[in-house]
Amino acid sequence: MGATVALAGCSSRKAASSATSASPEARPTTPDAAFARLMGGNKRWVSGDLQHPDRDPNRRQLVAQEQEPFGAILSCIDSRVPPELLFDTGLGDLYVMRTGGEAVDPVVTGSVEYGPMTSDTPLIVVLGHQRCGAVKAAYYSLRDGKPLSGNLQAIVKALQPAYKQAVREGGADPVETMARAQVRLTAADLRSNRDLAPLVRNGALAVVGAYYSLDTGKVEVLSGAPS
């Protein structure tokens, strides 16, 4: 009896999904498919040919009881870099974590882990961006030896490894170098994370480092793109 009820409930949810989903595409279940979906959305963002998927009352009703996002995005708090918009996604499509300069601590790392470890989310993207104010503030604080006030100094401390790498690399624009370094280092740390690394090794998860251009709207892949 219990099995019959469970199967009936599953069947009814599937019927509701078919009837109410605002998106014609099935949820991507592999890193390749999830990455292709995200980058396709960014291509539409760049061109202006937007679909605005999964953004209506039917979609809201569909995901009200449970969610299965196909991607997790760790990005900056910058108001010009909203992941749901620049990837042309909608309600229930992405887990999104936003911190200044993609600064990471155990709470943030746990939040990033949540999707792959509880919802089989197959893709994580660490998304830095052009002209990042948090990175700029941290760069000059570290260069000049002048701590920032309050808890802003915690961001500076978290970005110190990226600052050191930027100093080693040099370049015409050290702040941009540091912003890109922060993406690569954070993505590499997540890729080798004790709980995420096994998923990466068996092909169930990809951790991509990417960089967003404020000028063009385009997302550039820096590391980890699934092949």
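A crossing of two helices is called left-handed if the near helix is turned anticlockwise from the far one by less than a right angle, and right-handed if it is turned clockwise. This is a predicted model, in which local features need pLDDT of at least 70 and side-chain atom pairs count only at pLDDT 80 or more, while totals for chains, interfaces and linings use all residues. Residues are numbered from 1 along each chain as its sequence is written, and side-chain values use heavy atoms, with hydrogens and water left out.

**Stop 1: α6 and α9**

Begin by selecting helix α6, residues 133–144, together with α9, residues 174–191; helices are DSSP runs of H or I with at least four residues, strands are runs of E with at least two, and both are numbered from the N terminus. The axes of α6 and α9 come within 9 Å and cross at roughly 110°, where an axis is a line fitted to C-alpha atoms, for helices over the stretch in contact, and angles run from 0 to 180 degrees between N-to-C directions. That makes α6 roughly perpendicular to α9, given that 65 to 115 degrees counts as roughly perpendicular, under 35 as roughly parallel, over 145 as roughly antiparallel and the rest as oblique. The crossing of α6 and α9 is right-handed.

Now show the side chains of Val135, Lys136, Ala138, Tyr139 and Tyr140 in α6, which meet Pro174, Val175, Met178 and Ala179 in α9; contact means heavy atoms within 4.5 Å. By class, this contact of α6 with α9 has eight nonpolar, no polar and one charged residues, with Ala, Val, Leu, Ile, Met, Phe, Trp, Tyr, Cys and Pro counted as nonpolar, Asp, Glu, Lys and Arg as charged, and the others, Gly among them, as polar.

**Stop 2: α8 and α9**

On the α8 side, select Pro161, Ala162, Tyr163, Gln165, Ala166 and Glu169, and on the α9 side Pro174, Thr177, Met178, Ala181, Gln182 and Leu185, which they meet. Eight nonpolar, three polar and one charged residues make up the contact of α8 with α9.

**Stop 3: the second largest pocket**

Next, select Val104, Asp105, Pro106, Thr109, Ala158, Pro161, Gln182, Leu185, Thr186, Asp189 and Leu190, which line the second largest pocket. On a 1 Å grid over the protein atoms alone, a pocket is an open set of points with protein on both sides within 12 Å along at least five of seven lines, a cavity is a set where a 1.4 Å probe fits but cannot get out, and lining residues have an atom within 4 Å of a point. The largest share of this pocket's lining, five residues, comes from α9. About 210 Å³ of space lies in the second largest pocket.

**Stop 4: the cavities**

How many cavities of 30 Å³ or more are there? The count comes to two. For the largest cavity, with about 80 Å³ of space, select Arg37, Arg44, Pro53, Asp88 and Thr89, which lie nearest its centre among 13 lining residues. The lining of the largest cavity has three nonpolar, four polar and six charged residues.

Finally, select Phe35, Leu38, Met39, Phe87, Val125, Val208, Ala210 and Val219, which line the second largest cavity. This lining divides into eight nonpolar, no polar and no charged residues, and its largest share, three residues, comes from α2.

How values were computed
Points joined across faces, edges and corners; volume = space filled by probe spheres on them.
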